[in-house]
Amino acid sequence: MISEKKKVTEINKPYVKEQAKEQERLKAASTKRRRGLVRRLTALSIAGVILAVVFTVLLVSQWSTLEAKKAERAELENKLEELHAEESRLKQDVKNYNDLDYIAEVARRDYYLTKPGETLFKVPNESTD
């Protein structure tokens with residue numbers, strides 16, 4: 001076998017060296033391109049993660065604000081119902097105070113007022129004891 005290797009001669013030695021250099025250059029360029037691609041993909045991934053985090057934070061803050069507003073709205077609606085009930089009670093009081101019979105009844109009951117010639121007797125409430 002050694003003798004076979006001696007029979008093989010290199011043809012056009014400068015051409016072979018040039019082709020080897022070209023292959024090395026292409027390999028280096030490919031490695032450079034690959035490094036550039038990795039860098040770009042890394043930068044793009046980092047930007048994507050940052051955007052995802054920002055959007056997540058914004059979404060969570062808006063969700064919590066929305067929940068707070070819903071709770072506040074429910075509280076205000078309850079207060080509105082209470083105010084409507086109080087308004088109807090006050091309207092009834094206004095109607096009652098415009099009625100002379102009601103005013104006379106309140107005056108007799110609370111202030112012990114009587115009509116001329118009338119005597120007022122206060123009877124204690126019955127107790128079950």
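I began with charged contacts and found seven salt bridges in the structure. The model is a predicted one, so I looked up confidence next.

**Confidence**

The mean pLDDT of the protein chain is 87. I noted that 89% of the residues score at least 70. Then I went element by element. Helix α1, residues 2–7, has the lowest mean pLDDT, at 58. Helix α2 has the highest, at 93. Where pLDDT is low, predicted coordinates should not be read in detail. I kept that in mind for helix α1, given its mean of 58.

**Overall layout**

I counted three helices and zero strands in the protein chain. Along the sequence the pattern reads α-α-α. Helix α2 covers residues 13–97. Helix α3 covers residues 100–111.

How much of the chain is buried? I found that buried residues make up 3% of the 129 residues. The protein chain exposes about 12900 Å². Carbon and sulfur atoms supply 60% of that area.

I took Glu77 first. Glu77 pairs with Arg73 in a salt bridge, and their closest N and O atoms are 3.1 Å apart. Both residues sit in helix α2, four residues apart, which is about one turn of the helix. An α-helix has 3.6 residues a turn, so residues three or four places apart point the same way. Glu77 has 39% relative accessibility, so it counts as partly exposed. Arg73 reaches 57%, so it counts as exposed; the cut-off for exposed is over 50%.

Next came Glu87. Glu87 forms a salt bridge with Lys91, with the closest N and O atoms 3.7 Å apart. Glu87 and Lys91 are separated by about one helical turn because they stand four residues apart in helix α2. Glu87 is at 38% relative accessibility and therefore partly exposed.

Which residue meets Arg109 in a salt bridge? The partner is Asp110, at 3.1 Å from N to O. Arg109 is partly exposed, at 44% relative accessibility. Asp110 is partly exposed as well, at 41%. Salt bridges with shared partners join Glu105, Arg109 and Asp110 into one network.

I then tested the length of helix α3. The helix has twelve residues, and at 1.5 Å a residue it should span 16 Å. I read 15 Å between its end C-alpha atoms, which agrees. Just after α3, Tyr112 takes a positive phi of about 55°.

**Aromatic rings**

I searched the whole structure for aromatic pairs and got one. It joins Tyr97 and Tyr102, whose ring centres are 5.7 Å apart. Are the rings stacked or edge-to-face? Their planes meet at 65°, so the pair is edge-to-face; the cut-off for that class is over 60 degrees. Tyr102 has 23% relative accessibility, so I logged it as partly exposed.

**Nonpolar surface**

I found one of about 570 Å². Its members are Ile46, Ile50, Leu51, Val54, Phe55 and Leu58. I placed one of them, Ile50, in helix α2. Helix α2 is also where Glu77 and Arg73 lie.

Definitions and conventions: Residues numbered from 1 in each chain as written. Predicted model: local features only at pLDDT ≥ 70, side-chain atom pairs only at ≥ 80, totals over all residues. Heavy atoms only, no water. Helix = DSSP H or I, 4+ residues; strand = E, 2+ residues; numbered from the N terminus. Expected span 1.5 Å × (residues − 1). Phe/Tyr/Trp six-rings, centres within 6.5 Å; stacked < 30°, edge-to-face > 60°. Buried < 20%, exposed > 50% of the residue type's maximum accessible area, 1.4 Å probe, protein only. Areas by Shrake-Rupley, 256 points an atom, 1.4 Å probe, with all protein chains shown as cover. Salt bridge = Lys/Arg side-chain N within 4 Å of Asp/Glu carboxyl O. Patch = residues over 30% accessible without salt bridge, like charges linked within 9 Å, V, L, I, M, F, W, Y side chains within 5 Å. pLDDT = per-residue confidence, 0-100.
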